[in-house]
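Please keep the sequence and the model in view while reading.

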Amino acid sequence: MTGTMRVPRSRGGISGILLVLLGLWGGLLPFAGPYFDFGFAPDDTWVYNTDRLQLSIAPAAAAVLGGLIVLFSANRAFAILGAWLGVLGGAWFVVGGPLATLWDVPGVGAPLGTTNGRHLAEQLSGFAGLGVVIVFFAALALGRFAVVGVREAVPPDGPGREESGTTQPLVFGRYAREGAEPGRPGQPGSPQPPLPRPPGDQRVAGEQGGLER
């Protein structure tokens with residue numbers, strides 16, 4: 001069971017990197033977006049309030065932390081915990097805004113765009129759409145770590161491990177006879193085949209076959 005808990009770190013590499021990047025995007029967009037005239041009011045950079053802490057910083061921190069765990073963890077249970085943390089962070093990006101109105105949190109601010117298309121892009125990239133993408137990659141990592149591969153299920157020195165990876169050298173001559181298996185020609189105590197007769201040699205009366213060894 002212990003062997004199945006270890007996984008290669010490369011298994012969650014892509015998902016972990018994307019979770020970290022997406023979490024950073026969601027956490028920094030309300031603060032650095034006004035640099036590019038893309039984000040949420042007020043039109044000033046690095047404006048902090050508790051609404052942004054609850055709706056942007058908290059889920060972004062969960063996504064980033066979960067991505068780092070998925071990226072660097074070699075333990076299956078710990079990596080699954082990181083993936084679930086990413087799922088929760090992404091889900092809060094999606095539902096945090098509507099639920100926050102229940103305790104009188106208006107939101108991070110109105111979109112800075114002046115058209116309906118800009119408003120939609122800012123809302124999707126900052127909350128709903130971003131959260132769905134984070135949940136997708138976190139669920140992808142969760143599925144990858146939940147599956148136990150064949151190599152992980154067999155202990156390194158277990159009986160089910162294939163031994164075909166090692167090859168035996170071909171040996172001929174006296175060394176082959178010394179290392180032959182019991183019951184096969186070349187093993188001490190087993191019948192020895194007669195040696196070929198040299199050209200011109202003639203059989204001597206009483207000789208049983210080939211030349212004596």
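In this predicted model, Arg52 lies over the face of Phe31, at 5.6 Å from the ring centre. Phe31 itself is buried, because its relative accessibility is 7% and the cut-off for buried is under 20%.

Phe31 also takes part in ring pairing. A search of the whole structure finds four aromatic pairs. In one of them, the ring centres of Phe31 and Trp46 are 6.1 Å apart and the planes meet at 20°, so the two rings are stacked; planes under 30 degrees apart count as stacked.

A second stacked pair is formed by Trp92 and Trp103, because their planes are at 5° and their ring centres 6.4 Å apart. This pair, too, links distant parts of the chain, eleven residues apart: Trp92 is in helix α3 (residues 76-100) and Trp103 in the loop between α3 and α4 (116-126). Trp92 counts as partly exposed at 24% relative accessibility. Trp103 is likewise partly exposed, with a relative accessible area of 44%.

Together with Ile17, Leu21, Leu24, Leu28, Tyr35 and Phe36, Trp46 makes a nonpolar surface patch of about 790 Å². Within this group, Tyr35 is placed in the loop between α1 and α2. Tyr35 has 53% relative accessibility and therefore counts as exposed, the cut-off being over 50%.

Note on methods: Residues numbered from 1 in each chain as written. Predicted model: local features only at pLDDT ≥ 70, side-chain atom pairs only at ≥ 80, totals over all residues. Heavy atoms only, no water. Phe/Tyr/Trp six-rings, centres within 6.5 Å; stacked < 30°, edge-to-face > 60°. Buried < 20%, exposed > 50% of the residue type's maximum accessible area, 1.4 Å probe, protein only. Helix = DSSP H or I, 4+ residues; strand = E, 2+ residues; numbered from the N terminus. Lys NZ or Arg CZ within 6 Å of the ring centre and 35° of its normal. Patch = residues over 30% accessible without salt bridge, like charges linked within 9 Å, V, L, I, M, F, W, Y side chains within 5 Å. Areas by Shrake-Rupley, 256 points an atom, 1.4 Å probe, with all protein chains shown as cover. Salt bridge = Lys/Arg side-chain N within 4 Å of Asp/Glu carboxyl O.
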